[in-house]
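Subject: Handover of a structure, with notes on what was found

Dear colleague,

I am passing on a structure for you to look through, with the notes that go with it. Please have it open beside this message while you read.

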Amino acid sequence: MAIDKVKQVTDVLDNLAEDTSIPRNIRKGATDAKARLLDTKEAMDVRATSAIVILDDLANDPNIPLHGRTVIWQIISQLETMSQQN
């Protein structure tokens, strides 16, 4: 189940990273959060929390469009449930 959720979250992060209406620094942050989430050297809860920290910074960026912020909040919500399961 956790693998399905990770795949789901990484797909959304990919979409965010490819959205040209999103500023470049936000797209790079989405890519960084995905890389952190896929780093299998750490436990899933640590990876999810690390990705949340990155995404939280992005959500607070004043240049992010509203639809991008909404997507980030949705991803953070999913990651929070993943970080609490382990």
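Before any residue is described, a word on exposure: a residue is called buried when its relative accessible area is under 20%, exposed when that area is over 50%, and partly exposed in between, with a 1.4 Å probe and protein chains only. Please keep in mind that this is a predicted model, in which local features need pLDDT of at least 70 and side-chain atom pairs count only at pLDDT 80 or more, while totals for chains, interfaces and linings use all residues. Residues are numbered from 1 along each chain as its sequence is written, and side-chain values use heavy atoms, with hydrogens and water left out.

The overall picture

The protein chain has four helices and zero strands, and its pattern along the sequence reads α-α-α-α; helices (H or I, at least four residues) and strands (E, at least two) are DSSP runs numbered from the N terminus. A compact globule of 86 residues would have a radius of gyration near 12 Å, and the protein chain agrees with this because its own value is 12 Å; the radius is taken over C-alpha atoms, and the globule rule is 2.2 Å times the number of residues to the power 0.38. Along its principal axes, the C-alpha trace of the protein chain spans about 35 × 20 × 20 Å.

Of the 86 residues, 35% count as buried. The accessible surface of the protein chain comes to about 5100 Å², and 52% of it belongs to carbon and sulfur atoms; such areas come from the Shrake-Rupley method with a 1.4 Å probe, and for residues only the protein chains shown count as cover. Among the contacts in the protein chain with a separation of 6 or more, 61% are accounted for by residues 24 or more positions apart, where contact means heavy atoms within 4.5 Å.

The salt bridges

Side chains of opposite charge can pair when their charged atoms come close. A search of the whole structure finds three salt bridges, each defined as a side-chain nitrogen of Lys or Arg within 4 Å of a carboxyl oxygen of Asp or Glu.

One of them joins the side chains of D11 and K7, at 2.9 Å from N to O. These two residues are separated by about one helical turn, because they are four residues apart in helix α1. D11 is partly exposed, with a relative accessible area of 32%, and K7, at 49% relative accessibility, also counts as partly exposed. K7 is found in helix α1, which covers residues 2-18, and although K7 and L38 are 31 residues apart in sequence, their C-alpha atoms are 9.5 Å apart in space.

Another salt bridge brings together the side chains of D14 and K34, at 2.9 Å from N to O. This pair links distant parts of the chain, since D14 sits in helix α1 and K34 in helix α2 (residues 24-38), 20 residues apart. D14 counts as partly exposed at 24% relative accessibility, and K34 counts as partly exposed at 23%.

The loop between α3 and α4

D61 lies in the loop between α3 (44-59) and α4 (66-85). What is the nearest side chain of opposite charge to D61, which is buried yet has no salt bridge? That side chain is R69, 6.1 Å away; in this count Lys and Arg are positive and Asp and Glu negative, while His and the chain ends are not counted.

The side chain of D61 does reach the backbone nitrogen of N63, at 2.7 Å. This is a polar contact, meaning a pair of N or O atoms within 3.5 Å; within protein, one must be able to donate a hydrogen and the other to accept it, and residues adjacent in sequence count only if both atoms are side-chain atoms. Leaving aside residues up to four places away in sequence, D61 touches N25, I26 and R69.

N60 lies in this loop between α3 and α4 as well, and at 55% relative accessibility N60 counts as exposed. A polar atom of the N60 side chain lies 3.0 Å from the backbone oxygen of D56.

With kind regards
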